Amino acid sequence: NSSDLSPSSFILASIPGLEAAHFWVAIFLCSMYIMAVTGNCAVLFIVKTEPSLHSPMYFFLCMLAAIDLALSTSTVPRVLSFYWFNTREISFGACLVQMFLIHTLSAIESTVLLAMAVDRYVAICHPLRHAAILTNAATAKIGLAAMARGVLFFLPLPLLLLPLPFCSSRLLSHSFCLHQDVMNLACANTTPSVVYGLTAILLVMGLDAVLICLSYILILKAVLRLASWKERLKAFSTCVAHICVVLVFYVPLIGLSVVHRFGKDLAPLVHITMGNIYILVPAVLNPIIYGVRTKQIQKRILNLIHIYNN
């Protein structure tokens with residue numbers, strides 16, 4: 001049976017066979033979420049209070065931290081309420097809002113990662129022009145452009161789903177709402193939604209990935225022209241943290257997309273695990289990566305720990 005109206009709610013997916021362990025699953029996810037919030041708030045606090053870090057590279061890092069905070073906060077508390085209190089239903093409106101936030105924030109993060117790649121390219125290939133090209137005003141404009149780009153490209157996704165009728169099945173394959181997941185429950189022609197969703201992904205995340213690769217090809221060429229291996233390693237070492245963050249973002253994104261497109265016969269555990277990795281792992285690892293690779297942040301963290309212990 002199908003309805004001519006949108007459902008009042010969807011049912012979030014649980015891990016099959018682990019219903020009795022929901023409390024411990026929630027404890028693990030809550031621990032990851034606390035790590036993500038603590039790490040990203042620490043990055044924001046350190047950059048704000050340390051004048052020597054008031055440069056485009058660290059402003060982009062702050063944008064990344066704020067996005068990770070927003071992305072994890074828009075999903076994890078709802079997932080925790082599901083595992084702790086068994087509130088499996090999420091209203092249709094809340095599901096569309098959550099879906100919009102997840103995809104829009106992911107698009108903004110992708111754009112910021114591209115901007116960080118451009119920052120590294122200018123710093124290494126045109127060091128004398130870096131301060132003139134990437135001013136604080138230009139950095140702020142890039143941040144606003146990233147937000148506008150994400151909203152404009154992904155606002156149509158929930159709007160395309162609003163008029164669709166949904167079949168009697170309301171069970172999602174994740175513990176939160178994603179466009180592909182919700183779209184698959186519609187019992188109507190979803191071709192416009194499929195085409196637009198794929199186009200938006202390719203024009204935002206796909207294009208950003210290509211441009212990031214192009215930036216690093218140019219960086220590698222510039223580094224290889226340096227006289228000694230010591231200079232080459234020193235120049236390229238400034239990019240290591242950013243490369244790691246790019247991989248941490250794009251590998252789960254690609255994995256989740258592959259699971260949705262080609263993994264319909266996979267166990268539900270795979271879908272749920274990939275979804276949780278996509279939402280939580282970048283938010284947890286990004287502050288750690290930059291904390292380990294950036295001496296200024298390391299020094300500031302050690303100072304804070306020393307003050308706290310005293």
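**Reading the model**

Mentor: Begin with the record: UniProt, in an unreviewed entry, places the feature "transmembrane region" at residues 20-46, 58-80, 100-122, 142-166, 194-219, 240-263 and 269-292. Keep in mind that the model is predicted.

Trainee: How many helices and strands does the protein chain have?

Mentor: The protein chain has 13 helices and two strands. Two of the annotated spans can be set beside the coordinates. Residues 20-46 are 93% helix and 0% strand, with 41 Å between the end C-alpha atoms. For residues 100-122 the figures are 100% helix and 0% strand, and the end C-alpha atoms are 33 Å apart.

Trainee: What radius of gyration does the protein chain have, and what would a compact globule have?

Mentor: The comparison rests on chain length. A compact globule of 310 residues would have a radius of gyration near 19 Å, and the protein chain has 21 Å, which agrees. The C-alpha trace spans about 70 × 50 × 35 Å along its principal axes.

Trainee: What share of the 310 residues counts as buried?

Mentor: In the protein chain, 46% of the 310 residues count as buried. The protein chain exposes about 15,500 Å², and 72% of that comes from carbon and sulfur atoms. For contacts, look at sequence separation: among those between residues at least 6 apart in sequence, 80% join residues at least 24 apart.

Trainee: Which cysteines form a disulfide?

Mentor: First the general idea: a disulfide is a covalent bond between the sulfur atoms of two cysteines. Here the structure holds one disulfide. Cys95 and Cys177 form it, with their sulfur atoms 2.0 Å apart. The pair links distant parts of the chain, 82 residues apart: Cys95 is in helix 4 (residues 92-125), while Cys177 is in the loop between helix 7 (156-161) and helix 8 (179-183).

Trainee: Is the link of Cys95 and Cys177 left-handed or right-handed?

Mentor: The angle about the S-S bond is -120 degrees, and the link is left-handed. Cys95 and Cys177 are both buried. Cys244, by contrast, is in no disulfide; the nearest cysteine sulfur is that of Cys239, 11 Å away. Cys244 has a relative accessible area of 31%, so this residue is partly exposed.

Trainee: Is Asp208 buried or exposed?

Mentor: Read the relative accessibility against the cut-off. Buried means under 20%; Asp208 has 0% and therefore counts as buried. Asp208 is in helix 9 (residues 191-224). Leaving out residues up to four places away in sequence, Asp208 touches Ser110, Thr111, Leu114, Arg149 and Tyr250.

Trainee: Which residues does Arg149 touch?

Mentor: With that exclusion of residues up to four places away in sequence, Arg149 touches Thr111, Leu203, Val204, Leu207 and Asp208. Arg149 is in helix 6 (residues 136-154). The side chain of Arg149 also makes a polar contact with the side chain of Thr111, at 2.8 Å.

Trainee: Where is Tyr121 found, and which residues does it touch?

Mentor: Tyr121 is found in helix 4. Not counting residues up to four places away in sequence, Tyr121 touches His126, Ser215, Leu218 and Ile219. The side chains of Tyr121 and His126 make a polar contact at 3.3 Å. With a relative accessible area of 23%, Tyr121 is partly exposed.

Trainee: What does the side chain of Ser237 reach?

Mentor: The side chain of Ser237 reaches the backbone oxygen of Lys234 at 2.7 Å. Ser237 lies in helix 10 (residues 229-237) and is partly exposed, with a relative accessible area of 29%. From Ser237 to Leu266 the separation is 29 residues in sequence and 39 Å in space, C-alpha to C-alpha.

Trainee: Is phi of Asn86 positive or negative?

Mentor: Most residues other than glycine have a negative phi. In Asn86 phi is positive, near 60 degrees. Asn86 lies in the loop between helix 3 (76-85) and strand 2 (89-91). At 54% relative accessibility, Asn86 counts as exposed.

Definitions and conventions
Residues numbered from 1 in each chain as written. Heavy atoms only, no water. Disulfide = S-S within 2.5 Å. Helix = DSSP H or I, 4+ residues; strand = E, 2+ residues; numbered from the N terminus. Buried < 20%, exposed > 50% of the residue type's maximum accessible area, 1.4 Å probe, protein only. Polar contact = N/O pair within 3.5 Å; in protein donor to acceptor, adjacent residues only side chain to side chain. Rg over C-alpha atoms; globule rule 2.2 N^0.38 Å. Contact = heavy atoms within 4.5 Å. Areas by Shrake-Rupley, 256 points an atom, 1.4 Å probe, with all protein chains shown as cover. UniProt positions renumbered as here; feature names shortened; annotations may be inferred.
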